[in-house]
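Try each task before you read its solution.

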Amino acid sequence: MLVRFLWQLGVIMRSLRGGLHYRDREGFTIIIKGGDFACYSFFRSIVISADDYEQHGRTLLAHEKAHARLWHSLDLIAVGLMKAVQWFNPAVWLIGRDLQVIHEYQADEATIRQGIDAKRYQQLLVSKAVGLRLQTLASGFHHSPLKQRITMMKKEKTPRALALLKACALLPVVALSLMATAQTVYVEAPTADTPVRDDSLAFDPRKPMPKDANKRYQMAQYWLEQHMQYTDEMRRRGIGGNIMTQPYVKADGSHGDVKMDEHIDPLLRAEVMRLLQAMPKPLMKGLLPLTTREGYTWLTVAIYDPTLSHQPFNKRERLIKFIESSRKGKVRLPERFSISIPLGAVYSDKDGGHVITRHDLLFLNGAADDYFRIGLSTDARLMLNGVPFDKNSLPDLPADTLKVIILCDVSHFEGDTVSETMPVFKERRTVNLITK
């Protein structure tokens with residue numbers, strides 16, 4: 001379809017060469033050629049046969065100029081590109097066909113408005129109806145069904161006031177329909193301690209694993225979160241955290257050797273091994289690339305007390321930190337601020353406010369952390385309760401005191417950046433930090 005589109009475009013461009021060229025007072029290029037073919041236009045160039053120019057020149061040129069004024073050639077090129085990409089989609093072909101019909105309706109209406117006798121114009125349509133078919137990228141004189149075009153020319157338009165009245169009459173009908181079928185559902189807002197289910201990440205042995213590696217890793221993390229057991233002894237000793245592991249995944253989905261920091265508490269090590277042993281084989285196998293038969297892979301196992309919004313084993317850090325620029329490979333990272341939002345605080349952005357829950361941290365490899373971290377450009381204008389600050393005057397604000405944060409128009413970077421999931425500001429914005 002792409003080759004066909006380019007071939008048609010080449011045929012049209014070649015057809016604009018040769019013949020007698022002249023530019024009229026309206027800026028249109030008229031090309032008169034010998035031979036028997038239907039008149040057509042491409043943007044502001046109109047190709048017409050010598051016989052048609054002598055016999056029906058005024059009518060045919062008025063029709064094709066209407067096509068050019070309405071930029072119909074641009075529509076047809078867009079449809080041609082759509083067909084090249086969505087050639088298998090029947091809707092694209094139907095859109096292209098109906099668009100050409102609408103083009104002819106518009107050109108017919110514009111022609112008659114210029115004083116062309118409607119009856120003679122219809123007779124000319126009939127006489128030209130058996131002409132040769134043009135390339136689909138050109139706006140021709142006979143592209144739409146003849147009977148429909150003649151019917152549309154004879155049809156009287158609905159007065160604008162009446163059409164507006166009909167449209168307004170639909171409003172109360174639609175409103176009553178919505179009122180009759182609407183249903184109000186009250187949903188309890190999640191808190192920091194409320195587990196949030198995401199059924200799209202739940203493992204189902206009857207379904208094949210997704211091809212997307214990130215999705216497979218998220219499913220494994222979600223399974224670990226649902227099956228993690230925080231014992232009373234762990235709670236008494238206040239231990240836990242994000243434990244980085246490197247299990248060796250075998251071809252059948254089972255695991256062999258597991259690399260782990262040797263200084264990890266034996267209780268935590270035992271829980272990690274229990275989770276890896278119990279993990280379904282498709283989930284374990286899904287941690288490897290699809291083309292890798294077996295080998296070591298990375299997996300973060302979060303061990304934490306789900307009944308607490310803050311973990312006793314986490315180091316308390318102040319809310320706002322300045323991070324100097326650094327290099328990651330060949331990419332120089334910009335200087336930025338890091339703001340940590342504690343669990344349970346209200347985080348408000350362009351999509352609306354929501355409570356930060358532990359589930360928000362799950363896919364940031366921070367399920368056992370206390371804070372939802374956001375990176376901000378140093379170009380952002382930062383204020384705390386209306387008082388501005390910069391890297392030289394960082395406020396000493398403990399994260400536990402922050403209850404509400406408002407970030408205007410936050411977006412996410414994708415690709416090789418500081419963190420593939422860290423929201424950052426792409427433009428200069430004002431950030432307000434509000435304590436309770």
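The model is predicted: local features need pLDDT of at least 70, side-chain atom pairs count only at pLDDT 80 or more, and totals for chains, interfaces and linings use all residues. Residues are numbered from 1 along each chain as its sequence is written, and side-chain values use heavy atoms, with hydrogens and water left out.

**Exercise 1.** Describe the open sheet with the order 10-13-16.

Solution. 
- Strands are DSSP runs (E, at least two residues), numbered from the N terminus.
- Two strands pair if DSSP finds at least two bridges between them.
- This open sheet has 3 strands, paired antiparallel.
- Strand 10 (320–323) and strand 16 (371–377) are its edges, for each pairs on one side only.
- From one strand to the next, the twist averages 25 degrees (axes are lines fitted to C-alpha atoms; angles run from 0 to 180 degrees between N-to-C directions).
- Strand 10 meets strand 13 (residues 336–342) over 4 bridges.
- Ile320 has Ile339 of strand 13 as its bridge partner.

**Exercise 2.** Is Thr297 buried or exposed?

Solution. 
- Locate Thr297: the loop between strand 8 (295–296) and strand 9 (299–303).
- Recall the cut-offs: buried is under 20% relative accessible area, exposed over 50%, partly exposed in between (1.4 Å probe, protein chains only).
- Thr297 has 10% relative accessibility, so Thr297 counts as buried.

**Exercise 3.** Which backbone oxygen does the side chain of Thr297 reach?

Solution. 
- The side chain of Thr297 reaches the backbone oxygen of Leu287.
- The distance is 3.2 Å.

Technical notes
Polar contact = N/O pair within 3.5 Å; in protein donor to acceptor, adjacent residues only side chain to side chain.
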